[in-house]
Amino acid sequence: MGVRATWRCALFSAAIALSAASARAEDTNRVAAATLLFDEGVRALDAGRLDEACQKLAKSQELAPSGGTLLALGECHERAGRVASAWVAFRGAA
């Protein structure tokens with residue numbers, strides 16, 4: 001293997017490693033944003049701000065799907081009188 005081929009291999013390997021690290025950082029950021037939205041959604045739910053709560057919980061679920069988020073979203077929809085939406089969320093959590 002020549003020097004050029006070795007360099008090409010090294011550059012290719014570095015590019016793959018950087019791409020994987022970037023993907024992990026993006027996942028971490030997405031989960032952190034989802035956690036923040038979940039916490040804000042639960043606080044809004046506790047305060048009775050149902051529209052705000054449901055929006056934040058739904059966005060959290062989009063970013064990082066979780067059964068716990070679906071349960072909170074189902075409760076939010078139920079308290080807001082959106083029974084069908086609550087059923088879908090509860091069913092998804094099950």
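Trainee: Which residue does the disulfide join to Cys-54?
Mentor: In this predicted model, the disulfide joins Cys-54 to Cys-76, with an S to S distance of 2.1 Å. Cys-54 sits in helix α2 and Cys-76 in helix α3, 22 residues apart, and the pair links distant parts of the chain.

Trainee: How many disulfides does a search of the whole structure find?
Mentor: The search finds one.

Trainee: Is the disulfide left-handed or right-handed, and why?
Mentor: The disulfide is left-handed, because the torsion about the S-S bond of Cys-54 and Cys-76 is about -115 degrees.

Trainee: And are these cysteines buried or exposed?
Mentor: Cys-54 counts as buried because its relative accessibility is 5%. Cys-76 also counts as buried, at 0% relative accessibility.

Trainee: Which residues make up the largest nonpolar core?
Mentor: Nine residues make up that core, among them Cys-54, Cys-76, Leu-57 and Leu-73. Helices α1 (3-46), α2 and α3 (67-79) each give two or more residues to this core. The largest share, four residues, comes from α2.

Trainee: What does Leu-73 touch?
Mentor: Leaving aside residues up to four places away in sequence, Leu-73 touches Cys-54, Leu-57, Ala-58 and Ala-89.

Trainee: Moving on to α2, how many residues does this helix have?
Mentor: Helix α2 covers residues 50-63 and has 14 residues. From its first C-alpha to its last, α2 reaches 20 Å, close to the 20 Å expected at 1.5 Å a residue.

Trainee: Which residues in α2 are buried?
Mentor: The buried residues of α2 are Leu-50, Ala-53, Cys-54, Leu-57, Ser-60 and Gln-61. They cover an arc of only 130 degrees around the axis, so they lie on the same side of α2.

Trainee: What is on the face turned away from the buried side of α2?
Mentor: That face carries the exposed residues Asp-51, Gln-55 and Glu-62.

Trainee: Which side chain meets that of Asp-51 in a salt bridge?
Mentor: The side chain of Arg-82 meets that of Asp-51, at 3.6 Å from N to O. Asp-51 lies in helix α2 and Arg-82 in the loop between α3 and α4 (83-93), so this pair ties together parts that are 31 residues apart in sequence. Asp-51 counts as exposed, at 53% relative accessibility, whereas Arg-82 is partly exposed, at 29%.

Trainee: And what about Glu-62, which residue forms a salt bridge with it?
Mentor: Lys-59 does, with the closest N and O atoms 3.7 Å apart. Both Lys-59 and Glu-62 lie in helix α2, three residues apart, about one turn of the helix.

Definitions and conventions. Residues numbered from 1 in each chain as written. Predicted model: local features only at pLDDT ≥ 70, side-chain atom pairs only at ≥ 80, totals over all residues. Heavy atoms only, no water. Expected span 1.5 Å × (residues − 1). Buried < 20%, exposed > 50% of the residue type's maximum accessible area, 1.4 Å probe, protein only. Arc of directions from axis to C-beta. Core = buried A, V, L, I, M, F, W, Y, C linked by side-chain atoms within 4.5 Å. Contact = heavy atoms within 4.5 Å. Disulfide = S-S within 2.5 Å. Salt bridge = Lys/Arg side-chain N within 4 Å of Asp/Glu carboxyl O.
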